[in-house]
Amino acid sequence: MPRFYARIKKVHSPFKVDITWLDFFKHEKTDTIEDICIFSHRIVWEKGVRNSCTIYPRKGETWAVYKNWNIEWSSDPNNHREFEYEYVVVLSDYTHKSGISVARLVKLKGFVCLFMPTKNTRMGSFQIPADEMLRFSHRVPSFRTSGKEQKDVPEGYFELDPASLVSNLEEIS
């Protein structure tokens, strides 16, 4: 599931955007994009050292994290393989001391992209330490349900962007 990040440098009219592709290790080449469908969502970033962009998951956002993650994966940027993901909601903002607290999201059977937070179950929340931030794969756009969307949709669940999900997710009743 490839995800690419870019920093928008300039927007032209009619729709055309100058961007710089962002890579984990460095800024990549500059490009001009004319296809609006390439963009999914905005992401909050902070200016880092040596003109870098630092992106941390923020409280309330939903993210995909690598299942059975291993630090060795990040030592080889050309290491492309099939990954398995699990989806989480971020419970706390990042700190250098403790990392980020997250809760697993579980897909509800019978729905395409409706997920239940698992904070109060044995599968519930867990901590991702500061030195394991590479475990986060990509942000998944989502919104919280109000319970009024349609019959059988409970309040406080998450509807995730189906384009950001893998097709072989385990479901619960």
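Student: Before anything else, what counts as a helix or a strand here?

Tutor: Helices (H or I, at least four residues) and strands (E, at least two) are DSSP runs, numbered from the N terminus. Read from that end, this chain goes β-β-β-β-β-β-β-β-β-β-β-β-β-β, with 0 helices and 14 strands. Keep in mind that the model is predicted: local features need pLDDT of at least 70, side-chain atom pairs count only at pLDDT 80 or more, and totals for chains, interfaces and linings use all residues. Residues are numbered from 1 along each chain as its sequence is written, and side-chain values use heavy atoms, leaving out hydrogens and water.

Student: How much of the chain is buried?

Tutor: Buried means under 20% relative accessible area, exposed over 50%, and partly exposed in between (1.4 Å probe, protein chains only). Here, buried residues make up 34% of the 173 residues.

Student: Which residues have the most contacts inside the largest nonpolar core?

Tutor: A nonpolar core is a set of buried Ala, Val, Leu, Ile, Met, Phe, Trp, Tyr and Cys residues joined through side-chain atoms within 4.5 Å. The largest one has 14 residues, and Tyr87, Leu105, Phe115, Val140, Leu160 and Leu165 have the most contacts inside it. Strand 6, strand 7, strand 8 (100-108) and strand 13 each give two or more residues to this core. Strand 7 supplies the largest share, 3 residues. Another core lies apart from it, with 12 residues, including Trp63, Val102, Phe126 and Met133.

Student: What does Phe115 touch?

Tutor: Contact means heavy atoms within 4.5 Å. Leaving aside residues up to four places away in sequence, Phe115 touches Tyr87, Leu105, Val106, Lys107, Tyr157, Phe158, Leu160, Leu165 and Leu169. Across the chain, residues 24 or more positions apart account for 51% of the contacts with a separation of 6 or more.

Student: How many aromatic pairs are there?

Tutor: A pair of aromatic rings is described by the distance of the centres and the angle of the planes. Rings of Phe, Tyr and Trp (its six-membered ring) pair if their centres lie within 6.5 Å; planes under 30 degrees apart count as stacked, over 60 as edge-to-face and the rest as tilted. The whole structure has 4 such pairs. In one of them, the centres of Trp63 and Phe136 are 5.7 Å apart and the planes sit at 80 degrees, so this pair is edge-to-face. Trp63 is in strand 6 and Phe136 in strand 11 (residues 136-139), so to speak distant parts of the chain, 73 residues apart. Both Trp63 and Phe136 are buried.

Student: Which residues make the nonpolar surface patch?

Tutor: Ile8, Val11, Phe15, Ile36, Ile38 and Phe39 make a patch of about 540 Å². Patches are made of residues with over 30% relative accessible area and no salt bridge: like charges are joined within 9 Å, nonpolar side chains (Val, Leu, Ile, Met, Phe, Trp, Tyr) within 5 Å. A salt bridge is a side-chain nitrogen of Lys or Arg within 4 Å of a carboxyl oxygen of Asp or Glu. Accessible areas come from the Shrake-Rupley method with a 1.4 Å probe; for residues, only the protein chains shown count as cover. Ile8, found in strand 1 (residues 5-12), is partly exposed at 46%.
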